[in-house]
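Hi,

Here is the structure I said I would pass on.

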Amino acid sequence: MSKGIIVRVQSPDHGTKRIETKGNESVATFLNKVQSSFELGDTGWSLYKEHNKSGFIRNSRAKKVDDFKVKHGDMLYMVLEDRANSVAAAAATDWPEAPPQAASASTMSSPVGGSATNPGVVVEDEVDQILLKQDGKIYRTRNEQLCRHGPKGKCLHCVPLEPYDEQFLKSCDPPIKFLSFHSYIRKLTGGVDKGKFVNLENISCKIKPGCKEHPPWPGGICTKCQPNAVTLNRQPYRHVDYIMFENPTVADRLLNYWRSTGNQRIGIMYGRYETHKDVPLGIKATVTAIYEPPQKNSPNGIELLPDPKEDQITAVAKKLGLSPVGWIFLDLVAEDLSKGTVKNFRGNIDSHFLSAEECIMAADFQNKYPNPCKLSPEGHFGSKFVTVIATGDNNNQIHFEGYQVSNQCMALVRDDCLIPTKDVPELGYVKESSNEQYVPDVFYKGKDSYGNEVTHLARPLPVEYLLVDMPCAFPADFQYTFKTLDGLRTFPAENREHMGETQDFNALVQYMEQYSPNQFLRAMSDFHLLMFLATSEMLPLREKLDVLLEAVRTQNEAMALQFKKTEEWATVEEMMSAHAPSPLASRQSSYVGPGAAPLPPISGGSSGSMWTCTHCTYLNQPGLAACEMCSLPHDGGTAM
């Protein structure tokens, strides 16, 4: 039996109160006693062991009071937050001992319990950790004309510049229009206080919950729970400064869909965030592959459908050292088929860069993939997820444009305040308050006919205020994370069944026929093939696939050979050796796997009776060499 103890809790508004508890009592029960004693709401407050906001008491039904080393007579300190979605969100969530990656990933849907005072909860991206350790200063050589000191001295003309120096950024060719995010942080933390009071808060457009001074909306609202009005400003920084496709093949596989069908297409770009040397403390998104989720396509629009394999794809990509870095969509209209030109209707004086609907979708993606940040009370701030458009340029050639939407736009979309207009694509519209939802006033500044700066209500709203652009291009020397042999057939991309490209066992056999036994690692170095092997329910490879993924990631021939010798892959080889792709398929190559026998004669024919597949019992039409349901060969099943 644990003895009862008395813990003192000090509040800036309610003084000090004594709370009776026990060492083996759960933290959640203890915090409920504190809430009742001080008559607090569910959010807006948090407890710390020290007055300097260290030793955060995190809510948990699994942890006990003793786990936080709280003893009889100890004083705990209450902090009343200005925003309800701050650290108190952690006090309302039972967060078990999860790995750091899970803590940062949780910010996609709800705030985490991390803050600048409790940075151990938030694990920033690897590129952020690298840039945090860099000096970031812009070093200059001695100016022979202006410097009057010795070779080891420094003066105004050669002293290192800060990464946010405006004159230097303007003098670059081309000029750098936006600060990198880490340069922006250095600017905030570069004063006398060294960023002691820097706090990157995400905008909230919702009424703060828990206010007991009036009925809930629409019955009442007060200045304590009412969200502040938003004045839109052009964001001075960007989270990603450059988008680089490793090689043209990455984008060509997506473009070939439009070339074949004339329909537009969406893809999720997988790659890495890396440092970018052309911008002080810059970040670039390197795209290595494009995954094509389920969607409905037409020449004039795209409808994105739910993807049941999304979590599997992301998990497999993570084992390859990749993560979702952005999304890309096509907006192409052919101008002259003989010349291969496309129309230019974006970015000119008579058109727009992004439509309001596209901005909303970009903001939705960015909210789904937030940027972990220790300087934010919520544990995340902004997003590195980028948007790429393939469209026509001024020379009527296909080119790529890169964008992000601002953090303000992310907040408006997250809180369901921004909608597109019906007839004008470049204008958005901020919703008006209703009985179901309170929407704060949103303003932007513009100039009237006399050139005076005036403030406008964002109904409607030019989406240019919400955009941050960035260059998007290919490197001079192409890079290949996934490198197959030139001139050979690639494995089909996902969700293209409607155009005759299907990811099935037949496609696997035809793909593997092209490679000799000593080219196994090269054959496996195809992103779409790996995704098929990882998500296929027919192939028995999931338990051993980690070895193959690591071999592809490191290009390790020995590890690939280790996977090749497993029983699971041997089973797949046996299935391939017995499989006939189709009656009309080319049979010039007899190789379908390491050590496999030549393909057997095609069974069935143009005539005969219906037959039942011995593998899945599906009833097939006569003349088929393989089962329509499971794609396995017709091997003398029972005739009907």
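F474 sits in the loop between β24 (472–473) and α11 (505–512); helices (H or I, at least four residues) and strands (E, at least two) are DSSP runs numbered from the N terminus.

Before going on: this is a predicted model, where local features need pLDDT of at least 70 and side-chain atom pairs count only at pLDDT 80 or more, while totals for chains, interfaces and linings use all residues. Residues are numbered from 1 along each chain as its sequence is written, and side-chain values use heavy atoms, leaving out hydrogens and water.

Next, helix α4 (residues 126–133). V127, D128 and L131 are buried there (buried is under 20% relative accessible area, exposed over 50%, partly exposed in between, with a 1.4 Å probe and protein chains only). Looking down the axis of α4, the buried residues fall within an arc of 100°, so they line one face of the helix; the arc is taken from the directions from the helix axis to the C-beta atoms. E126, L132 and K133 are exposed on the other side of α4. What do the buried residues of α4 pack against? They pack against α6 (181–188), β9 (266–276) and β10 (282–291), with contact meaning heavy atoms within 4.5 Å.

Now the salt bridges. The whole structure has 21 of them, each a side-chain nitrogen of Lys or Arg within 4 Å of a carboxyl oxygen of Asp or Glu. One joins D241 and R238 at 3.2 Å, N to O, and both D241 and R238 are buried.

Another pairs K368 with E310 at 2.3 Å, N to O. That pair links distant parts of the chain, with K368 in helix α9 (residues 356–368) and E310 in helix α8 (residues 310–319), 58 residues apart. K368 is partly exposed at 32% relative accessible area, and E310 is partly exposed at 25%.

E358 also bridges to R346, with the closest N and O atoms 2.6 Å apart. E358 is buried at 16% relative accessible area, and R346 counts as buried at 5%.

Cheers
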